Amino acid sequence: MADKRNITVAFGDGIGPEIMQATLDILDAAGTPLIYDQIEIGEKVYLRGITSGIEESSWDSLRRNKVFLKAPITTPQGGGYKSLNVTTRKTLGLFANVRPIRSFYPFIKTHHPIIDMVIIRENEEDLYAGIEHQQTQEVVQALKLISHPGSERIIRYAFEYAKAYGRKKVTCLTKDNIMKHTDGLFHKLFDQIGEEYPNIKRDHMIIDIGSAIIADKPGTLDVVVTENLYGDIVSDIAAQITGSVGLGGSSNVGKSVAMFEAIHGSAPDIAGDGIANPSGLLNGAVMMLVHLGMPDYARKVRNAWLKTIEQGIHTRDIYNEEISKRLVNTKGFTDAVISNLGEVPLTLAPARFEVQTEPNFFPELAPLPRKKKELVGVDVFIDWDKNDRNPDVIGDGLKAASSSLKIQLKMITNRGVKVYPDGLPETYKTDHWRCRFTATEAVNNEDVVTLLSALHTAGYDVVKTENLYTFDGERGYSLAQGE
Ligand code: NAD
């Protein structure tokens, strides 16, 4: 008998309390040696004026227990409330989101009888940094931040996961044909790190065709690794095509803490009706048992659940007259799973959680050798709405203002397209001008300040600057369309 283990649980909002109770009843009936420390999160906490949705004191429980089973919560509409999921992931460094996606054909209706993939999504970076600014009346920007260590960690995690669970292939999804620096870094690291795993096949797809393949030929995919936003989107597509988003569990894993939950939300439309399907949270709990080093309990619970699905005992969301045998509510489903504890499914493949090799999910990353960084220019973003937005007027003006300086105007783009010199009249122009100034000799930040001061004196409204660097002589910025 394993030692008792404390975990933190939160019952959440909407259907949260119903599916959490069902899940804990099943875990208890299976004899799992768990003690539940409850914390309160979500709507009630938000409405007490705590914009993060979690009390400060709850972090202590999470940091002490290191394992969090979380029911879905409702984020109140309106401004000011921060996503609790994003806060939890970032605060506790839960960098990997892991979503195993399987179909349960022929017991749950799907167009794709064979799906068995795991989507591993980077959880902390990308556009989820939430750094957004309105720069001009017409233009708003969001910053996409991709880091070398952040990408390396998730890509290593994906290969280690594949190795440990005997999976054959890792597919990377990016849009590096367009975002050559951010997505280009992710893809480059995928190729480099993949070299260290010669027994695992690897391929890369552009996210658009990759999403189409997930929707149309999901059986060809095994482990998928991708950035935060793409992962958010494709994992819901993948979950939906198995027949229901209500079935899948997900883990958010970091070096010291891990959080387990259902993929779906708090379903306020059916809250309190007692009809919610607890399967998503239960499958999240199964992942938690594996994480806790309790694969026997994980197998017991998962097999009982598979058996219940196979028996056609279905909640309303997956009930299908041609396939299902008995329509049950949350309680009926829970009782059926409990009575199946100790059974194995007959048609569906039974659960296997044996790790085949010792994974090294959190290797210390080697520090990167510092490269020689050289300032070679600056992109100055200007809010300008004069002279019918004629690019030659702003171009000639900026040229004159910088002609005697060490950093001089090279070209201007509007929404990324070159409009000066030699732009086309057909190109649409907003009030937001990216003006690229390049150095004619060695320069430093003081020369940038001198340039900005000259532009200010000449009457230009600078809304942002972005320095242009080379690293060991390699260009660290994208060229403009037409540059
Ligand atoms: P949702 O996933 O809650 O519901 C979508 C649809 O699926 C609804 O018709 C719902 O009844 C149904 N459904 C979902 N889970 C079900 C289950 N277990 N059994 C039966 N039917 C189920 O998505 P939504 O309606 O877009 O969001 C509702 C709330 O949930 C929002 O406040 C949202 O912010 C929140 N949310 C929370 C999480 C989380 O806590 N991890 C995730 C997503 C959404």
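This is a predicted model: local features need pLDDT of at least 70, side-chain atom pairs count only at pLDDT 80 or more; totals for chains, interfaces and linings use all residues.
Pro106 sits in the loop that links strand S4 (96-102) and strand S5 (116-122). Select Tyr105 along with Pro106: the peptide bond between them is cis, with omega near 0 degrees.

Next, jump to Pro421. This proline lies in the loop between strand S17 (417-420) and strand S18 (432-439). Show the backbone of Tyr420 and Pro421. The bond joining them is also a cis peptide bond, and its omega is about -10 degrees. Most peptide bonds are trans.

Stay with the backbone, but switch to phi. Select Lys66, in the loop between helix H3 (58-65) and strand S3 (67-70). What is the phi of Lys66? Phi is near 70 degrees, a positive value in a residue other than glycine. Lys66 is partly exposed, with a relative accessible area of 35%.

Now select Asp472. Look in the loop between strand S19 (461-471) and strand S20 (474-475). Asp472 is not a glycine, yet its phi is positive, about 50 degrees. Is Asp472 buried or exposed? Asp472 has a relative accessible area of 53%, which is over the 50% cut-off, so it counts as exposed.

Move on to a helix pair. Select helix H1 (residues 16-29) and helix H9 (residues 279-291). Their axes are 9 Å apart, and the helices pack at an angle of about 45 degrees. The two helices are therefore oblique to each other. The crossing of H1 past H9 is right-handed. Show side chains at the contact. From H1, pick Ile19, Met20, Thr23, Ile26 and Leu27. From H9, pick Leu281, Leu282, Ala285, Met288 and Leu289. Colour this contact by residue type: nine of the residues are nonpolar, one is polar and none is charged.

The largest nonpolar core has 76 residues. Which residues have the most contacts inside this core? They are Leu69 and Ile120. H9 supplies the largest share of the core, eight residues.

Centre the view on Ile120. Set aside its neighbours within four places in sequence. Ile120 then contacts Asn97 and Val98, and also Ile154, Tyr157, Ala158 and Tyr161. Further contacts of Ile120 are Val223, Val224, Val225 and Thr226.

Note on methods
Residues are numbered from 1 along each chain as its sequence is written. Side-chain values use heavy atoms; hydrogens and water are left out. Axes are lines fitted to C-alpha atoms, for helices over the stretch in contact, and angles run from 0 to 180 degrees between N-to-C directions. Helices (H or I, at least four residues) and strands (E, at least two) are DSSP runs, numbered from the N terminus. Angles under 35 degrees count as roughly parallel, over 145 as roughly antiparallel, 65 to 115 as roughly perpendicular and the rest as oblique. A crossing is left-handed if the near helix is turned anticlockwise from the far one by less than a right angle, and right-handed if clockwise. Contact means heavy atoms within 4.5 Å. Ala, Val, Leu, Ile, Met, Phe, Trp, Tyr, Cys and Pro count as nonpolar, Asp, Glu, Lys and Arg as charged, and the others, Gly among them, as polar. A nonpolar core is a set of buried Ala, Val, Leu, Ile, Met, Phe, Trp, Tyr and Cys residues joined through side-chain atoms within 4.5 Å. Buried means under 20% relative accessible area, exposed over 50%, partly exposed in between (1.4 Å probe, protein chains only).
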